[in-house]
Amino acid sequence: MNRKLEYSAVIRTLGLAGDKYMRLLKSLDNQTIKPKEILVVLAEGYDLPPERLGYERYVFSKKGIVSQRSLGAIEATSEYCLFLDDDLEFEDTMVERMFEPIIAKKADITFPIIPEMVPRTSAKTFCLYAMTATAVPMLFNKEGHYTRITSSGGWSYNENIDFSKDALYEAQTAPGACYLVKTEYARKIRFEEECWLELASFSLPDDQINFYKYYKLGYKIMGLSNIHILHLDGGGTNYVRKQKAAYALAKHHVIFWHRFVFKPSHNVLYKLISALAL
């Protein structure tokens with residue numbers, strides 16, 4: 001890339017991830033496009049993590065995904081923000097590859113599709129998500145798509161992502177563990193207005209609203225396959241955690257549906273179908 005690209009790596013943390021956090025820092029330090037700054041958004045009442053590269057900048061925020069991510073967008077000094085969880089490890093070219101669709105104007109926001117975060121449908125998980133009206137696998141028009149928000153306020157997903165080749169998948173929502181976006185856009189969605197979400201202890205409702213606010217403003221969200229990235233949180237994929245997360249999302253389901261699906265529509269028929277779907 002000929003153009004000089006600057007980004008702030010914004011890490012939301014409690015400072016307790018230890019070796020996982022250090023592996024994230026090393027991944028950033030090894031990037032072919034290095035961050036202009038590493039902005040660590042630490043929850044109030046927690047100590048600075050002992051793991052460090054030496055050029056981090058620390059700010060303190062109220063504890064919570066919404067509060068910490070919002071402050072990161074406000075405090076960032078670069079044109080772009082790379083929002084990150086504190087327990088990731090990724091290839092040296094990840095950021096460069098995430099920039100490519102943005103520079104080519106194929107995307108406004110990019111994220112790597114993390115294999116273990118792609119839902120896998122089993123009888124147990126299908127029943128769980130169906131009962132809470134939160135997520136269902138895509139049945140039609142799957143090609144080139146990763147997720148869509150449904151008329152019920154839940155989301156559908158393509159579980160057949162091809163990780164063997166480079167590809168872009170359009171999304172309306174995604175996990176917020178890692179994504180790249182212009183700082184200006186991150187401020188425009190006014191995510192700080194959604195602090196009510198911090199009543200839930202899981203990030204699924206937060207991420208769904210975070211990304212859907214981008215989508216509703218007209219920004220194109222694209223997932224990239226075939227990027228080597230590891231989510232080091234070993235408890236993140238077990239069934240019990242998925243169950244708790246699904247019920248956390250269901251807890252705010254009606255609020256999301258009313259604010260972002262039902263209320264904005266002026267189509268009476270769509271509103272009727274949406275209400276019946278809920």
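1. Overall contact pattern. Among contacts in the chain between residues at least 6 apart in sequence, 76% join residues at least 24 apart, a contact being heavy atoms within 4.5 Å. The model is a predicted one, in which local features need pLDDT of at least 70 and side-chain atom pairs count only at pLDDT 80 or more, while totals for chains, interfaces and linings use all residues. Residues are numbered from 1 along each chain as its sequence is written, and side-chain values use heavy atoms, with hydrogens and water left out.

2. Composition and surface. The chain holds 9 helices and 13 strands; helices (H or I, at least four residues) and strands (E, at least two) are DSSP runs, numbered from the N terminus. Of its 278 residues, 50% count as buried, where buried means under 20% relative accessible area, exposed over 50%, and partly exposed in between (1.4 Å probe, protein chains only). The accessible surface of the chain comes to about 12900 Å², and 54% of that belongs to carbon and sulfur atoms. These areas come from the Shrake-Rupley method with a 1.4 Å probe; for residues, only the protein chains shown count as cover.

3. The sheet of 8 strands. An open sheet with mixed pairing runs in the order β3-β2-β1-β4-β11-β6-β12-β10; two strands pair if DSSP finds at least two bridges between them. β3 (56-61) and β10 (168-171) stand at the edges with a single partner strand each, so one side of each is left without a neighbour in the sheet. On average, direction ignored, neighbouring strands of this sheet are turned by 25 degrees against each other. Helix α1 (residues 19-29) packs on the sheet and touches β1, β2 (37-43), β3 and β4; the direction of α1 makes about 175 degrees with that of β1. For such angles, axes are lines fitted to C-alpha atoms, for helices over the stretch in contact, and the angles run from 0 to 180 degrees between N-to-C directions.

4. Strand β4 and its partners. Strand β4 (residues 80-84) is mostly covered, with 5 of its 5 residues buried. Tyr-80, Leu-82 and Leu-84 point one way from β4, whereas Cys-81 and Phe-83 point the other way. Strand β1 (residues 7-13) pairs with β4 in the parallel sense over 5 bridges, and Tyr-7 stands opposite Tyr-80. With strand β11 (residues 178-182), β4 pairs in the antiparallel sense over 5 bridges; here the bridge partner of Leu-84 is Cys-178. Strand β6 (residues 109-112) also pairs with β11 in the antiparallel sense, over 2 bridges, and Thr-110 has Leu-180 as its bridge partner.

5. Which residues does Ser-8 contact, leaving aside its neighbours within four places in sequence? They are Glu-37, Ala-76, Thr-77, Ser-78, Tyr-80, Cys-81 and Leu-82. Ser-8 lies in strand β1 and is buried, with a relative accessible area of 0%.

6. Helix α2. Of the 11 residues of helix α2 (residues 65-75), 9 are buried, so this helix is largely enclosed by the rest of the structure. The buried residues include Arg-69 and Gln-68, together with Ile-65, Val-66 and Leu-71.

7. Nonpolar cores. A nonpolar core is a set of buried Ala, Val, Leu, Ile, Met, Phe, Trp, Tyr and Cys residues joined through side-chain atoms within 4.5 Å. In the largest, of 31 residues, Phe-83, Ile-109, Phe-111, Tyr-146, Tyr-179, Val-181 and Tyr-214 touch the most other members. At least two residues of this core come from each of β2, α2, β4, β6, β10, β11, α5 (183-188) and α6 (204-216). Apart from this core lies another, of 29 residues, among them Tyr-80, Leu-88, Met-98 and Cys-178.

8. The sheet of 3 strands. A further open sheet has the order β7-β9-β8, with mixed pairing. β7 (135-137) and β8 (147-149) stand at the edges, each with a single partner strand, so one side of each is left without a neighbour in the sheet. β7 and strand β9 (residues 155-157) pair in the parallel sense over 3 bridges, and Val-136 has Ser-156 as its bridge partner.

9. Cysteines. A search of the whole structure finds 0 disulfides, a disulfide being a pair of cysteine sulfur atoms within 2.5 Å. Cys-178 is buried, with a relative accessible area of 3%, whereas Cys-195 is partly exposed at 31%.
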